[in-house]
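Student: Before I look at the model myself, could you take me through the terms used for it and show how each one is applied?

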Protein chains: 4
Amino acid sequence: MKEPFRAPTSFLKQQLSFDEARNHIIERAANLFAERRYDQVTLDGLIRILGIGKGTLYRFFTNKEELYSQILDLGHEQLLGLLQEVRDRSDIGPVAKLCEMAFSMAHFIRLHLDIYTVMAIEEPKDKCTSEKILRYRKERIGMVVCVVEQGCRMGVFRPDLDTWLFSQSLMGALWAEALFPAPSDEAGGRIVLRTQEIVALFMEGICVSPGVPGGEKGKQE
Amino acid sequence: MKEPFRAPTSFLKQQLSFDEARNHIIERAANLFAERRYDQVTLDGLIRILGIGKGTLYRFFTNKEELYSQILDLGHEQLLGLLQEVRDRSDIGPVAKLCEMAFSMAHFIRLHLDIYTVMAIEEPKDKCTSEKILRYRKERIGMVVCVVEQGCRMGVFRPDLDTWLFSQSLMGALWAEALFPAPSDEAGGRIVLRTQEIVALFMEGICVSPGVPGGEKGKQE
Amino acid sequence: MKEPFRAPTSFLKQQLSFDEARNHIIERAANLFAERRYDQVTLDGLIRILGIGKGTLYRFFTNKEELYSQILDLGHEQLLGLLQEVRDRSDIGPVAKLCEMAFSMAHFIRLHLDIYTVMAIEEPKDKCTSEKILRYRKERIGMVVCVVEQGCRMGVFRPDLDTWLFSQSLMGALWAEALFPAPSDEAGGRIVLRTQEIVALFMEGICVSPGVPGGEKGKQE
Amino acid sequence: MKEPFRAPTSFLKQQLSFDEARNHIIERAANLFAERRYDQVTLDGLIRILGIGKGTLYRFFTNKEELYSQILDLGHEQLLGLLQEVRDRSDIGPVAKLCEMAFSMAHFIRLHLDIYTVMAIEEPKDKCTSEKILRYRKERIGMVVCVVEQGCRMGVFRPDLDTWLFSQSLMGALWAEALFPAPSDEAGGRIVLRTQEIVALFMEGICVSPGVPGGEKGKQE
DNA sequence: GATGAATGAGGGTTCATTCAT
DNA sequence: CATGAATGAACCCTCATTCAT
């Protein structure tokens, strides 16, 4: 009545391995969780889209919470793989690697906006999930840190750079752009993330001359 | 068995105006919503903490959804006020203003971590809420943009700077630090946000010499 | 927001006796109960129409149920008074009295459609109310029975007439017409109850010649 | 403290079709709605009697209101079927048909007193329900009208008879008897509806001689 | 006396989870 | 293995009733 009618033929008909089937479900579920709040995503809605039975879901996940958790796992796993690949390349330098990582990340976010939305957004709320979220976050930032440290050692970046703070800031900025593309980006009707410009911003700073900003400012709080 | 945790004296006993009472509820509620997912926050839990009756809640909010929405409104209103104040100061220059704004924002976030978590995190999911979230975000970034543009006009910042992209990136970075304080920050058992360092990062860039980063990189996606 | 705004000046301002005020409330309340189901009538709605405070209601009625009950009492009292008046007239005969009673009843029903709906309809449901409903019903029918018996004694009606069955049937028919005016009645845009025709129907019967209907039919059930 | 009254074996255990199960629920629910007011019937009470789970109810009805509505539908459908059958018989004349219909109706009412109470009583309150109630009422009266018109054409009934008014009055009288059996009827401890006598009343009228009643009475209201 | 803020029991409804088929 | 009917805990919300002012 509500929704048109979907997926009359279950993906289970295709001969998929257990893991392939699970991942298929996860990706579909991620779509839903990215669109709606956790409590607004119903398993009934999910199975209708998937074209499988209610009970079948429970062969892959012990409960709704775990399904949700696995979305994070899969998303992290995939993104971390991409970052790792870039980190381990030996054909390009640190600056190029940063750009590459930024592109990879932006690309991944746009491609899996749903999963990444869940990853980025979700929520230092549920204690047990929270720890995993934080660990994942550290792992991702760690990838960037590696490259930045390499740059420092190679004399490309300032030697006194706080690599963690920088990496975290860069990813925060990239995340902001990817999740909320700036108005001007939609110019051609096509969203173009300005990843490269963001990286450049971090490389060069914004000051006309390398002036010292707010040095006189005292400690706060 | 149930937590006998109970506010002994309801805040209603104190003579508060309607708005004061409402704000009190909002702040308490923000605590809960920052800790738990929307569906994990029950009105029963909220009233136990507030020490008021179920029905009383409905004098202030027509339903749970609206309560949630008002958390955003109040948080935004307060933060925007702070930023506005800084923007309109005439005693300091753009760089100092940026620092000031960063401090204000970081301070506010830490002080009202709960409300801000809700604001930052909340979820481009619910359509009608979503639009408000985006509008609020634009208003906040707009404050920073004002200052940056001023800096450009004054010749402090590069004239060709994409002010929006910059402002958004800065806030993304500040947000990342405030929400997830870096491990090293907790050194003395005391969280010290390195807001100033982040601003400096953006001022000066990270390169040893003002080199051009990844200029050779082609278009992505 | 929902409803325009009513009765800003309470009827309490006028100097009314306790009973007058109570009756005023009852009549207003009857309007609501005739329009909506019991559970859809809220005391909040009632006091807004009345322009009085919530607590004031409880000076007149111990609870909602009793208010409802008193609607019946008042309605019955008024209608019974009318019927009694006709019964005790000595200037007209039984047939005219029946007509008169029919007119009175129809008139009253149309005038106080709300109260009578409650009276007629309501409901062999609530046990304690039920008994009162039945008693009231018997009292009303009893009025008609008095007149019919008079007619029998005077030789106007058949001596073997089952007066109760007849009276009950007549009132059933009148009730049916008053509550659901037949389509043809609305001809002139004006509802005209054909009370007189109904009485005539009962007087003369419908057969062309006074034939005996279905006499061969056996007992059922 | 709570009634441990509990249907030991749910009717769901028996292999019933969806419609059979739904009708079973409707009939049970009709019992409750006939006994108590709408708001006094709780779904909790219903499921305890039915011996099924709360959620199961919602496989058959989208909400309480619809359940209520379907009681009317089922009751009307069944009664109309009976009346239709009589109308279409060719072995008996109009008078006998009227008796037959009266018996059918009385029989049905007593058998399904609950459903019919709901049908007869239910409340011209809820607008959307109301229209259906009126339509149903017209359909039932229409059945009687058919027979009466046949009688007029056959010269059994007066040719100038207002068939609708008559039919409506007859049903009003029958309804009054069926719903509130007269005291004398309970004589033998057994309720005996005097359906036939009521029909006879309508056939012959009550006047000793076919006198013209209250012809001098003017228009009222 | 009149008020309406505060209350909380109670009900309708949803939906994750189970389990017999 | 897959299914979906059945379940019932849990939650939001209403509104009659109370009582301090």
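Tutor: Let us start with the word "near": a residue is near a molecule or strand if its C-beta atom, placed from the backbone, lies within 6 Å of it. By that rule 32 residues surround DNA strand F, and the closest are Gly53(A), Gly55(A), Gly55(B), Gly53(D) and Gly55(D). This is a predicted model, in which local features need pLDDT of at least 70 and side-chain atom pairs count only at pLDDT 80 or more, whereas totals for chains, interfaces and linings use all residues. Residues are numbered from 1 along each chain as its sequence is written, while chains are lettered from A and ligands numbered from 1 in the order in which they are written.

Student: What makes a residue of the surface near DNA strand F nonpolar, polar or charged?

Tutor: Ala, Val, Leu, Ile, Met, Phe, Trp, Tyr, Cys and Pro count as nonpolar, Asp, Glu, Lys and Arg as charged, and the others, Gly among them, as polar. Sorted in this way, the surface near DNA strand F has eight nonpolar, 14 polar and ten charged residues.

Student: How do you know how many helices and strands chain A has?

Tutor: Helices (H or I, at least four residues) and strands (E, at least two) are DSSP runs, numbered from the N terminus. On that basis chain A comes to nine helices and zero strands.

Student: What makes a set of residues a nonpolar core?

Tutor: The set must consist of buried Ala, Val, Leu, Ile, Met, Phe, Trp, Tyr and Cys residues joined through C-beta atoms within 7 Å, where buried means that 20 or more other C-beta atoms lie within 10 Å of the residue's own. The largest such core has 68 residues, and those touching the most other members include Met101(A) and Met101(B). Apart from it lies another core, of 67 residues, with Trp175(C) and Val199(D) among them. In chain A, 34% of the 221 residues count as buried.

Student: How confident is the predictor in chain A?

Tutor: On the pLDDT scale, the predictor's confidence in each residue from 0 to 100, chain A averages 78, and 73% of the residues score at least 70. Over residues 210–221 of chain A, however, the pLDDT is below 50. Where pLDDT is low, the predicted coordinates should not be read in detail.

How values were computed. Two residues are in contact if their C-beta atoms, placed from the backbone, lie within 7 Å. A residue is buried if 20 or more other C-beta atoms lie within 10 Å of its own, exposed if 12 or fewer, and partly exposed in between; C-beta atoms are placed from the backbone.
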